[in-house]
Amino acid sequence: MSQNFLQRIKNERPKDNYMRNCSVEDYNSDPGWRRSEMVDFDKAPKCMLTRKRTTPEMQTGINFHSYFLTRDDFNRSFIFEPKEFEGKDKRKNSKTGGCKEDYDLWKKSPEIGGREILSSKIEKKFKGMSESIMSHPPTRKILEKSMPEISCFSYLDGVPVKVRVDMERFVEEPVLVDIKTTSSAYPGANFEEIQRVIMNYKYYRQAAFYLDIYNHVMETKATKFLLVFIEKEEPFMGLSVMMNPEWIEKGRQENQDSLENFKRWLDSGSEDTFYSIDIESVPIPSWASPRVGIKPVDNSEIPSKIN
């Protein structure tokens, strides 16, 4: 078993705490169990213990969150290229149609100050995404009365846990908000597609996990969790979805099951690399049979295991 993980999860810390403007380093160093780790654990403990690689697309999403939620922090870490360099080849000098001399000179200027350089195309994208979110009146009404990024640390059934809430509206009726960058914000608000996304990405479990920990730490009774989907490419369409109580209760029950399984696993130390200890038999489902001209199979007649 990963000793680093065990050491982290068993470290003791104050029972309940919250931080605004909590750095990524401080948040990551806390021993609490994350929602993403819970979802990975449900697949197999080995999936939770395996370090995930941050892809360029994921990093762009992380950077947008910082740009939209905590602009001052973003500006301390990043700087956008001047628009004069947009579309020009920074590897070629001016005699061959590039801008290498001017670009290299700008990179050495004091204003860079060790910050990471992002392209002007990224700036245009982030600005368009932000304007799109705030152009939606009901969403803007909530966000204008919200505070960005609060990190909450607590315990659930004796397990240290933590959440990083994108935004919280604590005036009027409390609402927790999570921003989701996506390739498609589900045109036409197709409910079936939205339901599938909420199920596949376990957003209903996120809603319950965040609300339960936030309420425990802040001593509130927030019941509303808003998902704001925003497309990463023009025209930056968006969609806001308020999770209803049935979704949240389903997530709460599944989270509780995961916590109980997790505590049993901590005692067992198992690190199986297969999802099942058996070889499985998977019958064709009834909804697929007509498409291939096969009579639907009575699943009860199929043995569940192969000996």
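Trainee: Where is the place of glutamate 111?

Mentor: In this predicted model, glutamate 111 sits in the loop between helix 7 (100-107) and strand 3 (116-118).

Trainee: Buried, exposed or partly exposed?

Mentor: Glutamate 111 is partly exposed, at a relative accessible area of 44%.

Trainee: And what does glutamate 111 touch, not counting residues up to four places away in sequence?

Mentor: Ile79 and Trp106. With tryptophan 106 there is a polar contact between the two side chains, at 2.9 Å.

Trainee: How many residues apart in sequence are glutamate 111 and isoleucine 79?

Mentor: They are 32 residues apart in sequence, and their C-alpha atoms are 8.8 Å apart in space.

Trainee: Switching to the whole chain. How many helices and strands?

Mentor: Twelve helices and ten strands. The chain has 307 residues, of which 41% count as buried.

Trainee: What share of the contacts with a separation of 6 or more comes from residues 24 or more positions apart?

Mentor: Such pairs account for 69% of those contacts.

Trainee: And the accessible surface, what does that come to?

Mentor: About 18,400 Å², with 51% of it belonging to carbon and sulfur atoms.

Trainee: How many bridges join strand 4 to strand 5?

Mentor: Nine, and the two strands, residues 147-156 and 159-169, run antiparallel. One of the facing pairs is methionine 147 opposite glutamate 168 of strand 5.

Trainee: Arginine 169, in strand 5. Is it buried or exposed?

Mentor: Arginine 169 counts as buried because its relative accessibility is 9%, under the 20% limit.

Trainee: What lies 2.7 Å from a polar atom of its side chain?

Mentor: The backbone oxygen of glutamate 173. Leaving aside neighbours within four places in sequence, arginine 169 is in contact with Ile142, Lys145, Ser146, Pro174 and Val175.

Trainee: Now the largest nonpolar core. Which residues touch the most other members?

Mentor: Of its 39 residues, those are Trp33, Ile198, Phe209, Ile213, Phe225, Met243 and Phe262. At least two residues each come from several elements, including helix 3 (35-43), helix 10 (191-200), strand 8 and helix 12 (245-268).

Trainee: Which helix gives the most to this core?

Mentor: Helix 11, with ten residues.

Trainee: And methionine 243, what does that touch?

Mentor: Not counting residues up to four places away in sequence, methionine 243 touches Ile198, Tyr203, Tyr204, Ala207, Phe225, Leu227 and Ile248.

Trainee: Which residues are among those of the other core?

Mentor: Leu69, Phe78, Phe80 and Leu118 are among its 22 residues, and that core lies apart from the largest one.

Notes:
Residues are numbered from 1 along each chain as its sequence is written. This is a predicted model: local features need pLDDT of at least 70, side-chain atom pairs count only at pLDDT 80 or more; totals for chains, interfaces and linings use all residues. Side-chain values use heavy atoms; hydrogens and water are left out. Two strands pair if DSSP finds at least two bridges between them. Helices (H or I, at least four residues) and strands (E, at least two) are DSSP runs, numbered from the N terminus. Buried means under 20% relative accessible area, exposed over 50%, partly exposed in between (1.4 Å probe, protein chains only). A polar contact is a pair of N or O atoms within 3.5 Å; within protein, one must be able to donate a hydrogen and the other to accept it, and residues adjacent in sequence count only if both atoms are side-chain atoms. Contact means heavy atoms within 4.5 Å. A nonpolar core is a set of buried Ala, Val, Leu, Ile, Met, Phe, Trp, Tyr and Cys residues joined through side-chain atoms within 4.5 Å. Accessible areas come from the Shrake-Rupley method with a 1.4 Å probe; for residues, only the protein chains shown count as cover.
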